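Thanks for coming. I will go through one structure, starting with its sheet and ending with its ligand shell.

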Amino acid sequence: MDQDTMETTQPDAEGTVQRAPVMSHTGLHYLVFLKRFSQLARPGSYLEIGTRDGSSLAAFDCDAICVDPNMRPKPAALNRPRTFCFQMTSDRFFHETDVRSIFPHGVDVAFLDGMHRYEFLLRDFINAERCCHPRSTIVVHDCFPAEPRLTGRVPTGGAWAGDVWKLVPILNELRKDLVLRRLDCPPTGLLVVQNVDPGSETLQRNYHAAVKRYAPTTLEEYGVERLWSEVELVKSRELVEDEELWSLTMSTY
Ligand SMILES: C[S@@+](CC[C@H](N)C(=O)[O-])C[C@H]1O[C@@H](n2cnc3c(N)ncnc32)[C@H](O)[C@@H]1O
């Protein structure tokens, strides 16, 4: 059994205990990983879509742009010389803002954690990639939920990953030039994207067709194991502790 799966015991109708494999992320919590990532990669520019109280923003101490129509960043999240806050949707931000007027060399690291619907995330990815340079890293939250019940289109209270997981098969299918990795960071994994191409128009050209094609697909039908197995696993604890693994897999700025 894969190390990031575990077993659970479930009595059936007759009371017999069945052992069923349950997928789980057993690495560093995503906020702990982001902090270590920031310390090791030392980015000079950070773009964040979806800030809320600034917990992920606080992991980075470089110049930052953060975008959220409803942000309430705590003081610790603003502990850097320059934070550019845009209190608006990401679609409006990208429409109105020339990111290169703030970061002329492009964004070193982007973290996408805004609206948890796949068509929104696909647009965020397309727009963020345009603001990147070839050595940028795009980190995406919530793409590897372990349970289909977290993946509805509408939040029901409590944990909600939404259906942003659909970005994984879309990128796999349309952008074979990208390097995709899955990090085992609870609660819902991180997708790390490298070898980005700010000039690529493939996703933009195929946006409507991809959104239409994946609209009826549910994670129950698609399968959690299939989704997780489509992207190479990198163990977050090993990554931050092993200098060689880091230099083989991650950019430093
Ligand atoms: C899960 S929270 C972000 C959490 C934060 N990244 C962290 O890790 O601490 C998602 C955020 O996305 C924001 N959001 C919702 N729709 C958005 C949109 N269209 N554009 C940008 N942000 C959006 C919400 O207001 C919410 O604060």
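Two strands count as paired if DSSP finds at least two bridges between them. Strands are DSSP runs (E, at least two residues), helices likewise (H or I, at least four), numbered from the N terminus. This is a predicted model: local features need pLDDT of at least 70, side-chain atom pairs count only at pLDDT 80 or more, and totals for chains, interfaces and linings use all residues. Residues are numbered from 1 along each chain as its sequence is written.

Take β7 (residues 132–141) and β9 (residues 190–194): they run antiparallel and are joined by 4 bridges. V140 has L191 in β9 as its bridge partner. Both strands belong to an open sheet of 8 strands with mixed pairing, in the order β5-β4-β3-β6-β7-β9-β8-β10. β5 (83–86) and β10 (232–234) are at the edges with a single partner strand each, so one side of each has no neighbour in the sheet.

Now the helices. The axes of α4 (residues 118–130) and α6 (residues 202–214) come within 10 Å and cross at roughly 165°; axes are lines fitted to C-alpha atoms, for helices over the stretch in contact, with angles from 0 to 180 degrees between N-to-C directions. The two are therefore roughly antiparallel, a term for angles over 145 degrees. In α4, the contact involves Y118, E119, L122, F125 and I126, where contact means C-beta atoms, placed from the backbone, within 7 Å.

Last, the ligand. Around the ligand are 16 residues, of which G50, R52, S55, S56 and G114 come nearest; the cut-off is a C-beta atom, placed from the backbone, within 6 Å.

Key: Parallel < 35°, antiparallel > 145°, perpendicular 65-115°, else oblique. Contact = placed C-beta atoms within 7 Å.
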